[in-house]
Amino acid sequence: MSEPAPLPFDDLRRLTGPNLYFAGPGAVLETLVGAPVPSALIEDWKRRIARARAALGWPEGPVTVREHASGASLAFAAPGDRLYAAADVDEWAWLSALVAAGRHMGEPALQPGYPSFVDEDADLRLLRAIAAAEGLPRLPALREAARTHGLPLLLDDEQLSIGMGSGSRTWDNPALPTPDDVPWQDLHAIPVALVTGSNGKTTTVRLLTAIAIAHGWHTGNSCTDGLYLDGALIEGGDYSGPGGARSLLRDRRTQAAILETARGGLLRRGLAIERADVAVVTNVSPDHFGEYGIHDLDGLAEVKLTVARAIDADGMLVLNADNDLLRRHAARLDVPLAWFSTDDDHPLLRQARADGRRSCGVRDGHLWLFDGTRTHDLGAVADMPLTLGGLAAHNVQNGAAAALAASGLGIAPATIAAVLARFGRDHRDNPGRLQRWVLGGGVQVYVDYAHNPDGLAQFLDLVRQAHRDGGRLHLLLGQAGDRSDGAIADLAATAASFNPDHVVLKDLEGYMRGRESGEVGRVLRAALVRHGVADGAIDECRDETEAVRLILSAARPGDSLALPVHGVAARERVTALLDQLQAQAWSAGDPVAGD
């Protein structure tokens with residue numbers, strides 16, 4: 001049997017909500033013809049999308065072409081209950097445009113195995129049948145009724161819900177009610193905040209969740225670790241995409257929702273909701289280039305700022321004034337903005353106060369919140385556990401972002417200040433993010449996520465600042481397998497710039513993503529040596545927990561141990577080990593438990 005012909009496109013996906021390309025559902029195809037894509041080919045694709053929409057009786061809507069370094073993203077808006085058909089339409093329009101282009105040039109435009117002709121009428125009859133079978137006949141009336149009542153509607157492959165959290169009802173798609181059967185008087189929305197950014201998302205989500213709980217709301221939050229209600233785990237796993245968000249928003253125990261909104265989910269499916277009360281972008285820094293047509297920082301900033309599509313005139317978009325990219329891209333946004341910074345005298349914060357808009361920044365060692373009318377002292381930054389005595393500037397920013405978002409949700413400044421004064425004192429508050437253990441012999445151990453060059457630089461800079469009295473620096477280093485060799489080498493270059501005395505390379509359990517064991521380590525080692533780390537100072541230990549034991553065994557009095565730990569299971573094992581050593585009064589040179 002011959003091998004199937006390779007697909008003449010790189011990716012095809014459904015967009016279930018507001019996304020990078022437009023403010024509603026649809027489909028997007030990533031071309032595989034290189035850049036630039038011929039303009040005639042793009043215009044023919046657009047013409048075929050218009051022809052298909054007319055044949056299927058779909059309304060007009062955005063048709064977006066986003067050209068980039070490896071080709072183009074071809075996206076168009078479509079009915080939310082016909083997205084599989086929409087993906088078929090996108091594929092048909094692209095393939096038939098390629099066929100026509102090849103016929104015009106007198107040569108095949110597709111690989112062998114694909115038809116060299118297109119019967120548009122027959123194809124469109126088939127697409128009509130596919131769309132009709134997928135559609136939900138009762139959806140349009142329900143959507144219009146929900147809009148009339150001012151209520152959100154959430155739709156996915158299996159279910160539809162109206163309202164949110166404690167004010168929601170959910171039906172299976174094959175059994176949708178009529179508008180007359182919906183208990184409209186029982187339905188309502190709940191306060192919702194979206195949090196995205198390159199670094200600090202999970203910390204900001206956890207802190208904002210703690211503030212909302214202190215306010216008295218039963219609060220659900222989603223993040224890369226799982227789904228939580230009032231701080232208790234409902235379900236473990238990476239739930240930073242729209243699926244996790246919808247699960248929380250359909251949980252009738254939930255009175256407020258804080259939703260981590262990661263790059264991958266934004267690009268693959270879009271946002272889970274059409275409107276949020278508050279959205280936060282913590283920062284934008286290099287990470288995940290080369291996927292879904294995103295090749296540079298400006299493209300990544302556009303992805304993160306997709307959350308602005310969920311903000312209307314009554315909402316608020318919270319942005320980091322210390323981040324150059326966000327400052328630059330904010331100029332194109334037409335939504336209410338609130339700025340935070342480590343400097344309360346930042347021009348954007350001063351302008352916000354002059355305009356009667358919220359801001360949050362540091363002045364004279366204190367964090368100050370302006371709520372649009374009054375200024376509130378949220379306390380001394382150095383006294384906030386999350387900041388490690390004020391050294392962790394990125395957590396000062398995360399605290400300011402959470403404070404601003406909480407204010408936008410209507411939470412009192414006194415409640416915000418009280419949570420900032422205690423959050424992070426207990427290791428259970430923010431597991432895996434900037435945790436510290438002080439062990440015998442003056443050994444200080446730091447655990448953090450630090451998954452990209454910017455996050456690692458912030459982490460190692462803090463470790464150096466906190467431990468100025470000499471001693472060696474030990475570093476645990478690994479990277480997910482879906483990064484390019486260049487991105488992996490960039491992480492190693494960042495590590496090398498801090499002159500570590502000892503590096504242990506690891507595999508990332510659950511993050512191999514097609515790479516063989518040790519493959520990422522080989523790229524890291526080569527880059528570390530190239531940037532000045534002695535080959536003899538580098539060890540390899542595939543298992544993350546055993547790699548930590550190796551570092552502990554090598555520690556001397558006064559050393560610093562920087563441990564970026566990524567997998568949830570590995571993090572739980574590592575923190576349990578460190579808690580055990582601390583309880584046993586372990587000191588450098590002692591055997592490590594389990595040796």
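## Helices α1 and α3

In this predicted model, helix α1 (residues 39-56) and helix α3 (residues 120-134) have axes that come within 10 Å and cross at roughly 55°. Axes are lines fitted to C-alpha atoms, for helices over the stretch in contact, with angles from 0 to 180 degrees between N-to-C directions. Helices are DSSP runs (H or I, at least four residues), numbered from the N terminus. The angle makes α1 oblique to α3; oblique is what remains once angles under 35 degrees (roughly parallel), over 145 (roughly antiparallel) and 65 to 115 (roughly perpendicular) are set aside. The crossing of α1 and α3 is right-handed, that is, the near helix is turned clockwise from the far one by less than a right angle.

On the α1 side the contact (heavy atoms within 4.5 Å) involves Arg47, Arg48, Arg51, Ala52, Ala55 and Leu56, which meet Glu120, Asp121, Leu124, Leu127, Arg128 and Ala131 of α3. The contact of α1 with α3 has six nonpolar, no polar and six charged residues. Here Ala, Val, Leu, Ile, Met, Phe, Trp, Tyr, Cys and Pro count as nonpolar, Asp, Glu, Lys and Arg as charged, and the others, Gly among them, as polar.

## Helices α5 and α11

Helix α5 (residues 201-215) crosses helix α11 (residues 393-408) at roughly 45°, and their axes come within 9 Å. This makes α5 oblique to α11. The crossing of α5 and α11 is right-handed.

From α5, the residues in contact are Thr203, Thr204, Leu207, Leu208 and Ile211; from α11 they are Asn395, Asn398, Gly399, Ala401, Ala402, Ala405 and Ala406. By class, the contact of α5 with α11 contains seven nonpolar, five polar and no charged residues.

## Helices α13 and α14

The axes of helix α13 (residues 453-466) and helix α14 (residues 485-496) come within 9 Å, crossing at roughly 15°. α13 and α14 are therefore roughly parallel to each other, and their crossing is right-handed.

Pro453, Leu456, Ala457 and Leu460 of α13 meet Asp490, Leu491, Thr494 and Ala495 of α14. The contact of α13 with α14 divides into six nonpolar, one polar and one charged residues.

## Arginines over rings

Arg363 lies over the face of Trp368, 4.6 Å from the ring centre. Arg433 lies over the face of Tyr449, at 4.3 Å from the ring centre. A charge sits over a ring if NZ of Lys or CZ of Arg is within 6 Å of the ring centre and within 35 degrees of the ring normal.

## Basis of the values

Residues are numbered from 1 along each chain as its sequence is written, and side-chain values use heavy atoms, with hydrogens and water left out. Local features need pLDDT of at least 70, and side-chain atom pairs count only at pLDDT 80 or more, whereas totals for chains, interfaces and linings use all residues.

Terms used:
Helices (H or I, at least four residues) and strands (E, at least two) are DSSP runs, numbered from the N terminus.
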